[in-house]
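Please look through the model below before reading on. These notes are meant to be read beside it, one point at a time.

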Amino acid sequence: MEKTDCNRKLLEVATQLFSERGLHGVSIRELSQAAGTSISMISYHFGSKEGLYSAVLQQQFACFAEIHAIRQRVSDPVEMVESYLRWTFRRHRDNPYLLRFYTSELTNPTAFFSTLVMPVIDEVIVIMAQAIEEGKRQQKFREDVDPTNAALALAGMVNYFFLSSLATENLISHSPERDEELVQQYLKIFTSGVGAS
């Protein structure tokens, strides 16, 4: 197996196995066997099992960097919320293992949480809180809204849609064709609430 193919194959099988069982639930032998290579190739390419897990996390959470490009492109606070929702739906659709790593690291953090996971999540929440604060200044959002709490509520709303998909498949369609409809629905819930005026 070529070195680049070996590297790619190790990342591919490690992503699947680590997403299912976490860092400590997968042995280095299982990883090498699933990749069809020797244990020494894990050391060669990644240094250790932990190094391979770190590489998988970096690969999974790299998509979060797009929030900066969205923020540069979008200045209106309400449009920023809509863009965030659309991006989050796409992020989960394009990265089917991301939510497993996301929830696993939040509930059972590894040594990599503080360096690889927390910073990217913090960045997104801070950027969204800044957009909501700007919306308050423009009187597009209520004056009594705490921007950080609102950003967390927004993230929770859309992330829980994917997190609960198995439990809610009989209640709501999780088809990708409905994503834009849900973006608009969540935008209305976030900006207008559910109370009758």
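1. Overall make-up. This is a predicted model. The protein chain holds eleven helices and zero strands. Read from the N terminus on, its elements run α-α-α-α-α-α-α-α-α-α-α. The C-alpha trace spans about 65 × 35 × 30 Å along its principal axes.

2. Of the 197 residues in the protein chain, 43% are buried. Among the contacts with a separation of 6 or more, 68% are between residues 24 or more positions apart.

3. An unreviewed UniProt entry gives residues 4–64 the annotation "domain: HTH tetR-type". In the model this span is 77% helix and 0% strand, and its end C-alpha atoms lie 25 Å apart. The name comes from the record, whereas the percentages and the distance are computed from the model.

4. The annotated region at 27–46. UniProt, again in an unreviewed entry, lists residues 27–46 as "DNA-binding region". Over these residues the chain is 80% helix and 0% strand.

5. Helix 2. Which residues of helix 2 are buried? Helix 2 covers residues 28–35, and its buried residues are Leu31, Ser32 and Ala35. These residues lie on the same side of helix 2, because they cover an arc of only 95° around the axis. On the face turned away from that buried side are the exposed residues Arg29 and Gln33. Just after helix 2 comes glycine 36, with a positive phi of about 70°.

6. Serine 83. This residue is found in helix 6. Is serine 83 buried or exposed? Its relative accessible area is 13%, and buried means under 20%, so serine 83 counts as buried. Not counting residues up to four places away in sequence, serine 83 touches Ile70 and Val74.

7. Aspartate 179. This residue lies in helix 11. Aspartate 179 has a relative accessibility of 12%; the limit for buried is under 20%, and therefore aspartate 179 counts as buried. Leaving aside neighbours within four places in sequence, aspartate 179 is in contact with Phe89 and Arg93. The C-alpha atoms of aspartate 179 and valine 126 are separated by 25 Å, and the two residues are 53 residues apart along the chain.

8. The cavity. Rolling a probe the size of a water molecule over the atoms shows where empty space is left. How many cavities of 30 Å³ or more does a search of the whole structure find? The search finds one. The largest cavity holds about 50 Å³ of space. Its lining consists of Phe64, Tyr84, Arg91, Tyr102, Ile121, Val124, Ile125, Ala155 and Asn159. Helix 6, helix 8 (113–137) and helix 9 are the elements that give two or more residues to this lining. Helix 8 supplies the largest share, three residues. By type, the lining of the largest cavity has seven nonpolar residues, one polar and one charged.

9. The largest pocket. The volume of the largest pocket is about 290 Å³. It is lined by 15 residues, and the closest to its centre are Arg142, Val145, Ala150, Phe190 and Thr191. Helix 9 (147–163) and helix 11 (179–192) each supply at least two residues of the lining. The lining of the largest pocket divides into eight nonpolar, four polar and three charged residues.

10. The second largest pocket. About 210 Å³ of space lies in this pocket. Which residues line the second largest pocket? They are His92, Arg93, Asn95, Pro96, Tyr97, Leu99, Arg100 and Phe162. Helix 6 (77–94) and helix 7 (98–107) each give at least two residues to the lining. The lining of the second largest pocket counts four nonpolar, two polar and two charged residues. Arg93, one of the lining residues here, is also in contact with aspartate 179.

Key: Residues are numbered from 1 along each chain as its sequence is written. This is a predicted model: local features need pLDDT of at least 70, side-chain atom pairs count only at pLDDT 80 or more; totals for chains, interfaces and linings use all residues. Side-chain values use heavy atoms; hydrogens and water are left out. On a 1 Å grid over the protein atoms alone, a cavity is a set of points where a 1.4 Å probe fits but cannot get out, and a pocket is an open set with protein on both sides within 12 Å along at least five of seven lines; lining residues have an atom within 4 Å of a point. Grid points are joined across faces, edges and corners, and a volume is the space filled by probe spheres set on the points. Helices (H or I, at least four residues) and strands (E, at least two) are DSSP runs, numbered from the N terminus. Ala, Val, Leu, Ile, Met, Phe, Trp, Tyr, Cys and Pro count as nonpolar, Asp, Glu, Lys and Arg as charged, and the others, Gly among them, as polar. Buried means under 20% relative accessible area, exposed over 50%, partly exposed in between (1.4 Å probe, protein chains only). The arc is that of the directions from the helix axis to the C-beta atoms. UniProt positions are given in the numbering used here, feature names are shortened, and annotations may be inferred rather than shown by experiment. Contact means heavy atoms within 4.5 Å.
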